[in-house]
Amino acid sequence: MRAILSVSNKSGIVDFARQLQDLKIEIFSTGGTKQSLSEAGLKIHGISDITGFPEILDGRVKTLHPAVHGGILARRDLTKHMDELLQHKIEAIDMIVVNLYPFVETVARPGVTLDDALGELPGESDHSAGKSLQPEVWRESAPGGRPLHRKGGGA
């Protein structure tokens with residue numbers, strides 16, 4: 001099983017990731033989340049290991065790639081989808097853990113600049129993909145120290 005963890009609010013993410021690793025789930029992550037998990041001693045793969053492409057534009061483009069979204073959105077009950085994944089050497093993603101950047105909180109701060117506000121926009125594409133997931137993929141938006149549990153067809 002494979003999971004992508006990419007969160008703005010990192011509260012509880014280390015313990016959550018440890019639970020995933022205890023279940024032998026391979027973890028891929030982005031930027032600051034990867035750094036936090038690696039510093040906690042966890043073995044984490046960078047998202048670039050999936051995409052074959054570096055994070056660009058100050059981290060604004062990380063997971064926008066067919067190898068990520070194809071792995072998330074493929075319907076596992078459709079042979080055509082699974083054949084396309086195989087044809088393009090894309091592996092399925094079984095779980096995504098994301099939360100949105102604190103855009104509202106950022107723009108409410110006195111003296112916030114346009115650059116500050118725009119820096120809080122990434123993350124929506126993963127969240128949107130998560131909303132259209134198939135039952136085989138588990139979406140978690142706020143690990144917050146909750147114990148890992150079985151949900152739908154996911155982990």
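Q: How many residues are in the largest nonpolar core?
A: In this predicted model, the largest nonpolar core has 14 residues. Those with the most contacts inside it are Leu-5, Ile-13, Leu-20, Leu-37 and Val-97.

Q: Which elements give two or more residues to this core?
A: They are β1 (2–6), α1 (13–22) and β4 (95–98).

Q: And where does the largest share come from?
A: From α1, which gives four residues.

Q: What does a second, separate core include?
A: That core has nine residues, including Ile-4, Ala-67, Ile-72 and Ile-96.

Q: Where do nonpolar side chains tend to be in soluble globular proteins?
A: They tend to be buried together.

Q: On to the surface. Which residues make the nonpolar surface patch?
A: Phe-53, Ile-56 and Leu-57 make a patch of about 280 Å².

Q: Leu-57: buried or exposed?
A: Leu-57 counts as exposed because its relative accessibility is 57%, and the cut-off for exposed is over 50%. Leu-57 sits in the loop between α3 (48–51) and α4 (66–73).

Q: New topic, Asp-94. Where is Asp-94 found?
A: Asp-94 is in the loop between α5 (79–87) and β4.

Q: Is Asp-94 buried or exposed, and why?
A: Asp-94 is buried, because its relative accessible area is 11% and buried means under 20%.

Q: What does the side chain of Asp-94 reach?
A: It reaches the backbone nitrogen of Arg-2 at 2.7 Å. The side chain of Asp-94 also makes a polar contact of 2.8 Å with the side chain of Arg-76.

Definitions and conventions:
Residues numbered from 1 in each chain as written. Predicted model: local features only at pLDDT ≥ 70, side-chain atom pairs only at ≥ 80, totals over all residues. Heavy atoms only, no water. Core = buried A, V, L, I, M, F, W, Y, C linked by side-chain atoms within 4.5 Å. Buried < 20%, exposed > 50% of the residue type's maximum accessible area, 1.4 Å probe, protein only. Patch = residues over 30% accessible without salt bridge, like charges linked within 9 Å, V, L, I, M, F, W, Y side chains within 5 Å. Areas by Shrake-Rupley, 256 points an atom, 1.4 Å probe, with all protein chains shown as cover. Salt bridge = Lys/Arg side-chain N within 4 Å of Asp/Glu carboxyl O. Polar contact = N/O pair within 3.5 Å; in protein donor to acceptor, adjacent residues only side chain to side chain.
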